[in-house]
Amino acid sequence: MATPITEPVSCDPTRTKPLQDRVAIVTGSSRGIGREIAIHLASLGARVVVNYTSSSSQADSVVAQINSAADSPPRAVAVKADVSNPDDVKSLFDAAERAFDSEVHILVNSAGILDGTYPTVANTDVETFDKIFAVNTRGAFLCCREATNRVKRGGGGRIVLLTTSLVGALRPGYATYTASKAAVETMAKIVAKELKGTGITANCVAPGPIATEMFFEGKSEELVQKLKNDIPLGRLGEPNDVANLVGFLVSDGGEWVNGQVIRVNGGFV
Ligand SMILES: NC(=O)c1ccc[n+]([C@@H]2O[C@H](COP(=O)([O-])OP(=O)(O)OC[C@H]3O[C@@H](n4cnc5c(N)ncnc54)[C@H](OP(=O)(O)O)[C@@H]3O)[C@@H](O)[C@H]2O)c1
């Protein structure tokens with residue numbers, strides 16, 4: 001017979017949260033998946049930089065939501081920075097260090113764009129290609145480069161780059177977008193090795209369809225239904241489905257996951 005568990009579950013009120021006081025930058029967190037990640041990391045105890053390029057009032061409301069739930073604000077600040085601009089990315093890290101008087105522990109790069117007309121390669125103009133690669137690929141590179149130089153060494157350092165399950169699904173109409181993210185997945189696997197000895201992990205989180213503005217852009221109700229039907233769980237993903245995974249990866253328990261691409265898509269791919 002199994003021995004009954006007699007140890008009481010710990011309810012020590014002084015026990016801190018998993019990310020207590022760690023500083024996290026979440027790019028593209030004024031809305032969508034990034035917003036949910038910022039709020040989730042804050043709920044785990046992190047101090048968070050909410051980054052955006054144009055939606056400042058939405059970024060302010062994310063900051064207000066985090067700070068209103070905190071017992072010792074400010075736990076979040078909004079910082080405008082375009083991830084495709086090297087000076088902006090440097091300033092973003094400067095602002096994080098200044099705001100919280102600390103090194104940065106966690107970078108989550110969620111900023112990204114998509115062409116909602118879903119052109120085939122034959123119909124993709126060079127400007128669109130360059131714009132998507134500038135934000136999704138160059139932006140991920142710049143954020144990742146800054147993080148490899150500035151994220152805290154010696155334990156707890158984390159880099160998470162948002163990519164896409166389309167790298168596996170290979171759907172027509174998404175070639176430029178998917179290629180821009182495939183490059184990031186390759187880069188992250190190498191960065192994880194280059195960071196040997198620092199205690200910093202680097203991973204990609206690759207969502208399937210998630211109900212955000214980006215997902216609905218340019219899609220008919222019929223197409224949305226069809227995509228839903230392609231998902232074994234029979235629903236679209238919610239930003240929280242992604243945020244929970246990111247929360248695990250950036251916590252101490254996620255340390256052994258390193259150099260990986262983790263798809264989170266309800267079985268879509
Ligand atoms: N939703 C999906 O189905 C899905 C699936 C797979 C992967 N993803 C990836 O997940 C990430 C988040 O997607 P989402 O659905 O949350 O998108 P979203 O709702 O369109 O939000 C995009 C966020 O990125 C910010 N952003 C855009 N360009 C930026 C730039 N140059 N610099 C800094 N911030 C910038 C936006 O802020 P502003 O409004 O201020 O520009 C916004 O906060 C993206 O990388 C996307 O590719 C999404």
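How many residues surround the ligand, and which are the closest? The count is 31, and the closest are G28, G32, A111, G112 and T212. This is a predicted model: local features need pLDDT of at least 70, side-chain atom pairs count only at pLDDT 80 or more, and totals for chains, interfaces and linings use all residues. Residues are numbered from 1 along each chain as its sequence is written.

**View 1. The shell around the ligand.** By class, the shell holds 12 nonpolar, 16 polar and 3 charged residues. Ala, Val, Leu, Ile, Met, Phe, Trp, Tyr, Cys and Pro count as nonpolar; Asp, Glu, Lys and Arg count as charged; the others, Gly among them, count as polar. At least two shell residues come from each of α1 (32-43), β2 (47-52), α4 (126-150) and α7 (213-216). Helices (H or I, at least four residues) and strands (E, at least two) are DSSP runs, numbered from the N terminus.

**View 2. Helix α1.** End to end, the C-alpha atoms of α1 are 17 Å apart, which agrees with the 16 Å that its 12 residues should span at 1.5 Å a residue. The expected span is 1.5 Å times one less than the number of residues. α1 is mostly covered, with 11 of its 12 residues buried. Buried means 20 or more other C-beta atoms within 10 Å of a residue's own; exposed means 12 or fewer; partly exposed lies in between, with C-beta atoms placed from the backbone. Among the buried residues are G32, R35, E36 and H40. G45 follows α1 and has a positive phi, near 110°.

**View 3. Helix α9.** This helix covers residues 239-250 and reaches 17 Å from its first C-alpha to its last, close to the expected 16 Å. Of its 12 residues, 9 are buried. They include P239, D241, L245 and V250. What covers them includes α1, β4 (106-109), β5 (158-162), β6 and β7. Contact here means C-beta atoms, placed from the backbone, within 7 Å.

**View 4. Strands β6 and β7.** β6 (residues 201-207) pairs with β7 in the parallel sense, over 4 bridges. Two strands pair if DSSP finds at least two bridges between them. C204 has V261 of β7 as its bridge partner. Side chains alternate along β7 (residues 261-264): V261 and R263 point to one face and are buried.

View 5. D21 is not a glycine, yet its phi is near 70°. D21 sits in the segment before β1 (23-27). It counts as partly exposed because it has 14 C-beta neighbours inside 10 Å. Y118, also not a glycine, has a positive phi of about 50°. Y118 lies in the loop between β4 and α4. With 18 C-beta neighbours inside 10 Å, Y118 counts as partly exposed.

**View 6. The loop residue D230.** D230 is placed in the loop between α8 (221-229) and α9. Its 17 C-beta neighbours inside 10 Å make D230 partly exposed. D230 and T16 are 214 residues apart in sequence and 41 Å apart in space, C-alpha to C-alpha.

**View 7. The annotated span.** In an unreviewed entry, UniProt lists residues 22-208 as "domain: Ketoreductase". Such annotations may be inferred rather than shown by experiment. The span is 48% helix and 17% strand, and its end C-alpha atoms lie 28 Å apart.

Terms used:
A residue is near a molecule or strand if its C-beta atom, placed from the backbone, lies within 6 Å of it. Two residues are in contact if their C-beta atoms, placed from the backbone, lie within 7 Å.
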